[in-house]
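Please find below a short note on the model under review.

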Amino acid sequence: MQINGAQMVIEALIEEGVDTVFGYPGGAIMNVYDEIYKQDKFHHILTRHEQAAVHAAEGYAKASGKVGVAMITSGPGFTNAVTGLADAYMDSIPLVVISGQVPMSLIGTDAFQEIDAVGISRSCTKHNYLVTTAEDLPRILKEAFYIAASGRPGPVHVDIPKDVTAEIAEFDYTVELDLETYKPHTKGNPRQIKKAIEAMSKAKRPLFYLGGGVINSNASDEVRELVSKTGIPAVETFMARGTLSHDDELLVGMLGMHGSYASNMAMSETDLVIALGARFDDRVTGKLSEFAKNAGVVHVDIDPASISKLVNADYPIVGDVKNVVTDMLGQVDKIDSKKYVQWRETIAKFDELHPLMYHEDSDRIKPQWVIERVGEILGDTANISTDVGQHQMWTAQFYPFSRARQFVSSGGLGTMGFGFPAAMGVKAADPKRVSINFTGDGSILMNVQELMTAVEKKLPVINIILNNNYLGMVRQWQTLFYDKRHSETDLSVQPDFVKLAEAFGGAGYRVSTKEEFDAALKDAIKKDVVTFIDVTVERLENVLPMVPAGGSLFNMMLLAKKGDK
């Protein structure tokens, strides 16, 4: 059929099964928004900032497993969205972000709200396009969704000049995709898989190292079965939390800079690392030369560029984690799970020596308690998002995650302001579960305008502000490594968060006792509106254990047990 470019965008979204779009209109994208007004096949959520639109699309994608979609205008509309693109790129989140651009005749003239969007997004997208004719739009949009979701997922940016959205051309979405230079390798090499199984059967102290790729490939069920049948203990990265249930006896804990003592020591003592969908990030490995230095490495990843990039893989397997683990399950009878009993006992002793803990030695609520308490009350019935900082690490450490896609946070980029809009996207994707955002009094102000979006669109996100009146993580580093010179991290001057939430039409609570917190949380769930629960917590609490930057995993700063000096 012959339609204009703006109509093509709408038709493509419908063909792709998109049910929710996050965005903010402007001059260059106005033709598309006019067509959004005329349709009723998908829901558009107007955020109050373009960065929030992309973060909301990220939250939607993480919670649902679908491609998230955001729509923005040219110039500042696009530059505002770049942080979201970079965040999604670092964490391999499938997005299609559509931006308006000035008309073709004005490109390169420094026209009003012109920016080289494709040039800017090149380094922080999986792929990007500048559409020069409406004739190309159906193909480009179809490619964009395919590229975003296939292989190693990531954000794809489509920049459309305004005159292209008005141009009439043939719309045919049945065209076959033919991307000669993009052929993701999804099946693992059978010989390499066989060698990996043999290595696992011979190892005395093997360890599964589970990364975010397990979540992205929807391989959690298969990985749970593989871990169970082999009896090999497992550690999770920050991005993989929820792959195994918190009560799985073979889950050692989270690995890395703020990982548990048992997890980091297990990685330091293992003789075979079995990395599934992990990229050996610096926050996981610590000092590379000391990382699992006596171990062989099995590395399964869909991205060949990730394998042996940082740590040499003895058994490299390029393929989708779900497919490779499925093939491994067909050969697990070669592995005797009983032979790892002593290894599991050694890891258990590590945990007994320095368990993940905190001391309730203050009149103020400990932030870790708040997170544990939410887990006790809500458990699996909640989806958990976070902003970035101390609260983020405490959430990863202390929340009892029980399923994949339950935890949504900014990993690679570490974006403050991510949590609230992401939690809105999570709620849009999974409306039946409670959407909790653990945040700090620093992070929450970075996208606080989304209170209006949450009120208007009835997205009852419960924001739990762990309020220590500090930029907590920066303050912690200043305390530990800068001789307590707390330069520009004191946030003693803050708004009244209760009144702020109420001013937008939400609900606010200020709590300083455990009883008040329980009452506030239960009331917030019942009210079913966007909420701020402002919790006064211990100001100088640190996130421990901690591996100092560039240090070895086995040299951790630990919390002293009560009575120890």
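How many residue pairs are in polar contact between domain 2 and domain 3?

1. The structure is a predicted model. Between domain 2 and domain 3, the count is seven residue pairs in polar contact, with both residues at pLDDT 80 or more. By contrast, zero salt bridges are found across this interface.

2. The chain is divided into three parts: domain 1 spans 2-170, domain 2 spans 190-353 and domain 3 spans 367-536.

3. The size of an interface is often expressed as the accessible area lost when the parts come together. For domain 2 and domain 3, the buried area is about 1,400 Å², and carbon and sulfur atoms give 62% of it. Phe238, Arg241 and His258 supply 46% of the area that domain 2 buries against domain 3, more than any other three residues.

4. The UniProt record, an unreviewed entry, annotates residues 4-119 as "domain: Thiamine pyrophosphate enzyme N-terminal TPP-binding". This span is 46% helix and 18% strand, and its end C-alpha atoms lie 26 Å apart.

5. The unreviewed UniProt entry also lists residues 193-326 as "domain: Thiamine pyrophosphate enzyme central". Here the span is 34% helix and 20% strand, with its end C-alpha atoms 11 Å apart.

Note on methods: Residues are numbered from 1 along each chain as its sequence is written. This is a predicted model: local features need pLDDT of at least 70, side-chain atom pairs count only at pLDDT 80 or more; totals for chains, interfaces and linings use all residues. Side-chain values use heavy atoms; hydrogens and water are left out. UniProt positions are given in the numbering used here, feature names are shortened, and annotations may be inferred rather than shown by experiment. Helices (H or I, at least four residues) and strands (E, at least two) are DSSP runs, numbered from the N terminus. Domain bounds come from an automatic or database domain assignment. Buried area is the accessible area (1.4 Å probe) that two parts lose on being put together, summed over both. A salt bridge is a side-chain nitrogen of Lys or Arg within 4 Å of a carboxyl oxygen of Asp or Glu. A polar contact is a pair of N or O atoms within 3.5 Å; within protein, one must be able to donate a hydrogen and the other to accept it, and residues adjacent in sequence count only if both atoms are side-chain atoms.
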